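Open the model in a viewer and keep the selection panel to hand.

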Amino acid sequence: MISKLKTLIPHEAKLKGKLLLLKNKKTSDLGFVIPKNEKKIFIFLAADYGNLGDVAITYAQHKLLASKYPDHIVMEVPISSTLEGIEFVKREGKDSDIITTVGGGNTGDMYDQIESLRQLVFDSFPENKIISFPQTIDFSESSHGQKMLQKAIKCYSRHKNLTLIAREEVSFETYTKYFPKNQVLLLPDIVMTLDKTTPMYERKGVLVCLRDDKEKKMTPDQESALLELLKTNYGKVTQGDTHIGGTQMSLRKRVREVNKLWDAFRRSELVVTDRLHGMIFCFITNTPGMVFLNNNHKVLTSYAWIKKAKHIQLVTDPTTEKVAMLLETLKNTTVAPKEDLLPHYKDFTTMITQK
């Protein structure tokens with residue numbers, strides 16, 4: 001009976017209850033240490049789980065913030081320790097500290113527990129400057145999705161110093177429409193600012209990184225036909241993913257795993273993927289890529305930032321004939337030097353103007 005009652009308690013209420021209990025903990029037991037009397041930037045919802053796209057976002061965001069705010073200490077708050085991080089920053093932080101949340105594609109109802117954590121962070125620091133790094137926003141038309149959207153509007157809009165950054169045009173338009181009280185910016189996914197083109201290796205075979213979750217759009221028949229084509233054209237086909245599973249991974253392990261994956265991209269003649277960060281990893285490692293769509297707009301609309309890279313092609317018609325033609329095109333496409341997208345962030349500190 002008790003377990004059944006627990007399932008009826010809203011997730012947001014559970015989070016607030018757990019946060020309240022942390023007030024009885026000693027600061028030394030919260031799991032964080034940071035020098036006092038220093039300017040600080042906190043990265044909340046930092047990825048400590050096996051989605052290497054999100055790990056790369058956290059890595060790139062940390063790198064950018066450290067370069068743009070050299071007089072600040074940058075501290076990551078892993079998503080698995082969000083509540084402890086909130087309580088710690090409330091005790092040890094200052095209103096002048098900058099709060100950031102990681103970029104990605106979880107603003108919406110598909111990953112509603114992460115959205116609930118984001119809103120809790122926003123509500124917990126009403127006086128701080130908060131920057132939500134480049135996100136894809138996608139609230140569904142379902143009753144649950146629209147209810148979540150209204151909660152987000154209420155939460156975001158009451159924060160007087162919150163900047164929302166979209167990573168593609170559709171999300172920029174959605175943010176602008178529903179959050180007029182917040183500053184809204186458009187910038188590329190932060191991982192696109194990285195350059196991971198070296199070391200260079202001899203490239204052999206195809207690396208396939210396809211989804212196996214609720215964002216997958218490709219049908220089993222389409223995937224089978226694709227794999228047969230790749231074996232015929234390239235011989236060696238390795239299947240992997242940008243998601244390796246696992247939670248509460250150490251910083252050392254996260255960095256090691258994402259570097260291993262970038263290394264695998266640099267060793268591949270071609271990467272075939274339907275993951276947004278599979279496409280982005282092709283871009284930052286300057287690897288030829290064939291990119292299939294997922295079940296929302298984020299791959300399609302984010303491609304606009306890198307469309308000049310002709311060795312990375314978007315598949316909008318996944319028929320066997322079209323895919324075969326595209327494979328032939330990619331084999332005959334010269335890989336040009338990688339375009340630098342970091343200049344989009346050149347004036348980052350002055351872009352964040354909301355007071």
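Start by selecting residues 112-124, helix H5, and residues 143-157, helix H6: their axes lie 10 Å apart and the packing angle is about 15 degrees. The model is predicted: local features need pLDDT of at least 70, side-chain atom pairs count only at pLDDT 80 or more, and totals for chains, interfaces and linings use all residues. Residues are numbered from 1 along each chain as its sequence is written, and side-chain values use heavy atoms, with hydrogens and water left out.

Helices (H or I, at least four residues) and strands (E, at least two) are DSSP runs numbered from the N terminus. Axes are lines fitted to C-alpha atoms, for helices over the stretch in contact, with angles from 0 to 180 degrees between N-to-C directions. H5 and H6 are therefore roughly parallel to each other (angles under 35 degrees; over 145 is roughly antiparallel, 65 to 115 roughly perpendicular, the rest oblique). The crossing of H5 and H6 is left-handed, that is, the near helix is turned anticlockwise from the far one by less than a right angle; clockwise is right-handed.

Now show side chains. On H5, pick Asp112, Glu115, Arg118, Gln119, Phe122 and Asp123; they meet His144, Met148, Lys151, Ala152, Cys155 and Tyr156 on H6, contact being heavy atoms within 4.5 Å. This contact holds five nonpolar, two polar and five charged residues (nonpolar: Ala, Val, Leu, Ile, Met, Phe, Trp, Tyr, Cys and Pro; charged: Asp, Glu, Lys and Arg; polar: the others, Gly among them).

Next, select helix H2 (residues 11-21) and helix H4 (residues 82-92), whose axes come within 9 Å and cross at roughly 50 degrees. That makes H2 oblique to H4. Their crossing is right-handed. Leu15, Lys18 and Leu19 of H2 meet Leu83, Ile86, Glu87 and Lys90 of H4. By class, that is four nonpolar, no polar and three charged residues.

Last, which residues line the largest cavity? Select Gly105, Asn106, Thr107, Gly108, Asp109, Met110, Tyr111, Thr136, Asp138, Glu215, Asn296 and Lys298. A cavity is a set of points on a 1 Å grid over the protein atoms alone where a 1.4 Å probe fits but cannot get out, and lining residues have an atom within 4 Å of a point. The largest cavity holds about 70 Å³. Strand E4 (104-108) and strand E5 (129-138) each supply at least two lining residues, and E4 gives the largest share, four residues. The lining has two nonpolar, six polar and four charged residues.

Methods:
On a 1 Å grid over the protein atoms alone, a cavity is a set of points where a 1.4 Å probe fits but cannot get out, and a pocket is an open set with protein on both sides within 12 Å along at least five of seven lines; lining residues have an atom within 4 Å of a point. Grid points are joined across faces, edges and corners, and a volume is the space filled by probe spheres set on the points.
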